[in-house]
Amino acid sequence: MSGFTAEDIRHLPHDAPPLPAWVSDFAGPPSVLVGAQFAAAAEMTTAAFEAGVTEAYRSVFRQLEAHPSLRPARFWAFIPNIHQDLGGGLDRYKAFNTARYGAFAAHFGQTTFLGGSIPTASAVGIDGQRFQLHCLATADIGVPVENPRQVPAYQYSRRFGPLPPCFARATLLAADRDRPVLLVGGTASIVGEDSAHGEDFSRQAQETLLNLASLVASAEGRPVPTASTELRPLLARYDEIRIYCPRPEVQREIVDLVAANFSGACRVEMVRASLCRAELLIEIEGLARPIRVPGRA
C-alpha cells in the first residue's frame, strides 16, 4: 500500500472540468495548447451539434497553422448530455464521433487516420451546456500505441455508431527525451470492442487497470501482462492519472484501488462524469513514463 488517502485526490467540477494538472507543466515551448468551444450544445439538433463539433476541430487545426512545426498529440472533449437520445439510433456521443470522423478525414486524410496515425483522446459527458475541445500539440512526432487486448477504436463495428471513434489508445513521445512519455487516453473496461463486467464496478476497475498496464507494456515492446503480479510494476510507470466516474458513492473503492496499484508519487485527480457508454463505471487517463527496453527502438 502506498499510504494514499481520500485527501490525496484532487476533486474537479463536473460541469466544466479543467484539463489535467500535468498539462500546464507540459505545455510550454515548444508545445502549445489550443482549444475551441460553443454554447447550448445540449439543446442542439443532431445536424447543428455535428456542425458545431466539426467547426471546433477546424478551429483547432486553423490555430495550429501558426505553429507549423507542431503536431496534435492529445485531445480532450467535454460533451454536455452525452447520452441524450437524438433519434435514429444516435445519442450525442455517436453524433460527436460522426463529426470528429469527418474533421479528421478532412485534416489527416482518411487513409492516414484509418491506418492509425492519429492522436490519443478522451471524451466524457459533463453537466451544463458548453461543448469544450482542447488539443495539446508537440514538436515530437507522436507514435500511436494500441492495446493488443482491444480493437482499435477507429475499427469499431457499426454496433457503436455509423462512424467509429477516431483516436489512438495512447501516444508515445520519445524524440530527444531521456525517458519517453506516454500520453494515455481514456481507458475503460473494454475487451475487444465490447464493454466487460456489466454493472460490477470492482471488476470493471480491475479490467481498466489491466488495459492501462497493457498500454505501457505495448509501448515498451513487452508482452501483454497476464497475471495480477505483473500489473504493479507497469502501473508504477504512471506519474499522473485522472479518474472519471459517474458514481460518487464508490470513492472509497477508488481510494483503495489507487493505493494498491499506483506509486505514492502518482498525482491523482477525480472528475464525476458520464462515460462514452452508459454501462461503463470508470475511465482512467494519464501520463506514464515507459522505460527503454534494451534492443528495442
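User: Thanks. At roughly what angle do helix α5 and helix α7 cross?

Analyst: Keeping in mind that this is a predicted model, the axes of α5 (residues 201-220) and α7 (residues 251-261) cross at roughly 30° and come within 11 Å. Angles under 35 degrees count as roughly parallel, and α5 and α7 are therefore roughly parallel to each other.

User: And which residues of α5 and α7 meet there?

Analyst: From α5 there are Phe201, Ser202, Ala205, Gln206 and Leu209, and they meet Glu253, Ile254, Leu257 and Asn261 of α7. Sorted by class, that contact of α5 with α7 has 5 nonpolar, 3 polar and 1 charged residues, and the crossing of the two helices is right-handed.

User: OK, switching to the sheet. What is the order of its strands?

Analyst: The sheet is open and has 4 strands in the order β2-β7-β3-β6, with mixed pairing. At its edges stand β2 (32-38) and β6 (120-126), each with a single partner strand, so one side of each has no neighbour in the sheet. From one strand to the next, the twist averages 15°.

User: Do β3 and β7 run parallel or antiparallel?

Analyst: Strands β3 (residues 71-80) and β7 (residues 131-138) run antiparallel and are joined by 7 bridges, and Phe75 stands opposite Cys135 in β7.

User: Which strands does helix α2 lie across?

Analyst: Helix α2 (residues 46-64) lies across β2, β3 and β7, running at about 155° to β2, while helix α3 (residues 92-108) lies across β3, β6 and β7 and runs at about 155° to β3.

User: How do α2 and α3 pack, at what angle and how far apart?

Analyst: Their axes are 9 Å apart and the angle is about 40°, and α2 and α3 are therefore oblique to each other. Among the residues making the contact are Phe49, Val53, Tyr57 and Phe61 of α2, together with Phe96, Ala99, Ala103 and Phe104 of α3. Taken by class, the contact of α2 with α3 has 10 nonpolar, 4 polar and 3 charged residues.

User: Lots of rings in that list. How many aromatic pairs does the structure hold?

Analyst: The structure holds 18 aromatic pairs. In one of them, the rings of Tyr57 and Phe75 have their centres 5.4 Å apart and their planes at 45°, so this pair is tilted. The pair links distant parts of the chain, since Tyr57 is in helix α2 and Phe75 is in strand β3, 18 residues apart.

How values were computed: Residues are numbered from 1 along each chain as its sequence is written. This is a predicted model: local features need pLDDT of at least 70, side-chain atom pairs count only at pLDDT 80 or more; totals for chains, interfaces and linings use all residues. Side-chain values use heavy atoms; hydrogens and water are left out. Two strands pair if DSSP finds at least two bridges between them. Axes are lines fitted to C-alpha atoms, for helices over the stretch in contact, and angles run from 0 to 180 degrees between N-to-C directions. Contact means heavy atoms within 4.5 Å. Angles under 35 degrees count as roughly parallel, over 145 as roughly antiparallel, 65 to 115 as roughly perpendicular and the rest as oblique. Ala, Val, Leu, Ile, Met, Phe, Trp, Tyr, Cys and Pro count as nonpolar, Asp, Glu, Lys and Arg as charged, and the others, Gly among them, as polar. Rings of Phe, Tyr and Trp (its six-membered ring) pair if their centres lie within 6.5 Å; planes under 30 degrees apart count as stacked, over 60 as edge-to-face and the rest as tilted. A crossing is left-handed if the near helix is turned anticlockwise from the far one by less than a right angle, and right-handed if clockwise.
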